[in-house]
Amino acid sequence: MPRYTRVLLLVLCVSLIGECRKHRSRKKRWSAPAGTHKPAKELTPDTVVIVRPGSETRMEDSPLSKKVVDGTKNRKVKTSHLLRIDEHDFTMRPAFAGPAVPVGVDVQVESLDSISEVDMDFTMTLYLRHYWKDERLAFPSATNKSMTFDGRLVKKIWVPDVFFVHSKRSFIHDTTTDNIMLRVFPDGHVLYSLRVTVTAACNMDFSRFPLDSQTCTLELESYAYTDEDLMLYWKSGDESLSTDDRISLSQFLIQKFHTTSRLAFYSSTGWYNRLYINFTLRRHIFFFLLQTYFPATLMVMLSWVSFWIDRRAVPARVSLGITTVLTMSTIITGVNASMPRVSYIKAVDIYLWVSFVFVFLSVLEYAAVNYLTTLRDGKDRKLREKVKEQSQTLPCTCGMPHTKTMMLDGTYSEEDANSLAGYTRASMVAEDISDKQEQMVVHLSLDNESTGTKKKGIRGFRIIQNTHAIDTYSRMIFPGSYILFNLIYWCVYC
């Protein structure tokens, strides 16, 4: 009996030992220690990757199936493990201490938001894309498909430090999340795209404003890496810049977009690659014709109306001249308020100030006319008084038949001229007066036999009209000069 008991105990111990060994081998196989990875089995067209929940991934050869499952699409593979981010120092550029990293750039202009003449800048929204190769981000992929990430991965890897030269303000859009895209290819090529709005300075020349064309430039450059570390270039030449056909501005016509590149030198840091986005804008003139040129021209023409107003209507002519001068001053002030304070003369300044001079000269013209009229009226008044005094000493001719006596002071009315139609000149007596003022005593006798000479009776008399000679000349000189100025102006600036 004891012998059988010993045999049974021995068999039981052997079986227990065998079970323990099997359990230990299974545990080693399914729970390998961290950092020990078996080399991946080489994939062949006849290899099938089998993934079972809660079990390891196995590859079995099957002649009946040729489907391959991409390991990069396995949800259990972490991005940091796949791209081996923790295994590299991404604070340094790719190929550190080696040749310069080529970084291709292309830009798609989404909108040209505004052009400010006062601040001399422009605002543009664009898609900025960078292309380079970083072998540290290479990963195995059977289907050679890329992986796309958002902006959270950008902070963990190296990206080019491109900035906008001469920019005043810029920001990356963040609605509903940061507008950043990172695409990594299995061979290590990287596409980095972001949506940016930038406000940059534009040196404008307003010497021909508003008949001008402006060329603005957006400049891109690496901030830290010189041309020995980073080679910045346009990826596809002129085709690297694309624009939306719907881009339009209210005051400008976009004529041309083009790209250039050159080296920029800084005395303290060295040479840098710089990329340029150039675009040419031509200003629409119709707005300024309606708001500036037409009102100024109308004010000048309105000032000419005073030349046809009686020179004795002082309130009418003075108020018209002052109104046109003040209106021209308002137009000039309004135009300059929307322009920067430049130290040179603009084309619109030439037109407005010449128009202002024409308006001001029309006011001076009436001042001269009024002054000369006042002088002549004073002389005529003195002459009439002395003629009246001398007429009291002349012999009376009231008893002479068919004779009329008339005192002439140099001014005739139409009624006086018509009263001479039935008379012929018989004799004229001229008397010298001590103050050398001319007095004429005309004795006219009626000739009953010569009736055919009635219209010739006023042949020797000059009838001075009420309109002054300066007004008559101004009606021709002012319009002719202004028309000549307009012809020269538009021929030079158009």
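A residue is called buried when its relative accessible area is under 20%, and exposed when that area is over 50%. Keep those two words in mind for the close-up views below, which come from a predicted model.

**View 1**
Side chains of opposite charge can pair when their charged atoms come close. Glu219 also has a bridge partner in strand 14, namely Tyr276.

**View 1. Strand 10 has a neighbour on strand 6 and another on strand 14.**
Follow strand 10, which covers residues 213–222. With strand 14 (residues 270–283), strand 10 pairs in the antiparallel sense over 9 bridges. Strand 6 (residues 162–165) pairs with strand 10 in the antiparallel sense too, over 4 bridges. Why is strand 10 described as largely enclosed by the rest of the structure? The reason is that 7 of its 10 residues are buried.

A disulfide is a covalent bond between the sulfur atoms of two cysteines. How many disulfides does a search of the whole structure find? The search finds 1, and it is formed by Cys202 and Cys216, whose sulfur atoms are 2.0 Å apart. The link of Cys202 and Cys216 is left-handed, with -85° about the S-S bond. This pair connects distant parts of the chain: Cys202 sits in the loop between strand 9 (189–201) and strand 10, while Cys216 is in strand 10, 14 residues apart. Cys202 is buried, at 2% relative accessible area, and Cys216 is buried as well, at 1%.

Now turn to a pair of cysteines without a bond. Cys491 takes part in no disulfide, and the nearest cysteine sulfur, that of Cys494, is 8.0 Å away. What keeps the sulfur of Cys494 from bonding to that of Cys491? The distance of 8.0 Å is too far for a bond, because a disulfide calls for two cysteine sulfur atoms within 2.5 Å. Cys491 is exposed, with a relative accessible area of 64%, and Cys494 counts as exposed at 65%.

The model has 14 salt bridges by the rule used here. In one of them, the side chains of Asp212 and Arg283 come together at 2.7 Å, N to O. Their places in the chain are distant, with Asp212 in the loop between strand 9 and strand 10, Arg283 in strand 14, and 71 residues from one to the other. Asp212 and Arg283 are both buried.

Asp471 lies in helix 7 (residues 469–493) and Arg317 in helix 4, so the pair ties together parts that are 154 residues apart in sequence. Asp471 is buried, with a relative accessible area of 1%, and Arg317 counts as buried at 3%. Elsewhere, salt bridges that share partners join Glu117, Asp212 and Arg283 into one network.

His130 is found in strand 4 (residues 121–133). His130 counts as buried, at 2% relative accessibility. Which residues does His130 touch, leaving aside those up to four places away in sequence? Among them are Val103, Gly104, Val105, Pro160 and Tyr192.

**View 2. A nonpolar patch shows on the surface.**
We finish on the outside, where Val314, Val318, Ile322 and Leu326 form a nonpolar patch with about 320 Å² of accessible area together. Leu326 belongs to helix 4 (residues 314–337). At 53% relative accessibility, Leu326 counts as exposed.

Technical notes:
Residues numbered from 1 in each chain as written. Predicted model: local features only at pLDDT ≥ 70, side-chain atom pairs only at ≥ 80, totals over all residues. Heavy atoms only, no water. Patch = residues over 30% accessible without salt bridge, like charges linked within 9 Å, V, L, I, M, F, W, Y side chains within 5 Å. Areas by Shrake-Rupley, 256 points an atom, 1.4 Å probe, with all protein chains shown as cover. Salt bridge = Lys/Arg side-chain N within 4 Å of Asp/Glu carboxyl O. Helix = DSSP H or I, 4+ residues; strand = E, 2+ residues; numbered from the N terminus. Buried < 20%, exposed > 50% of the residue type's maximum accessible area, 1.4 Å probe, protein only. Pairing = 2+ DSSP bridges. Contact = heavy atoms within 4.5 Å.
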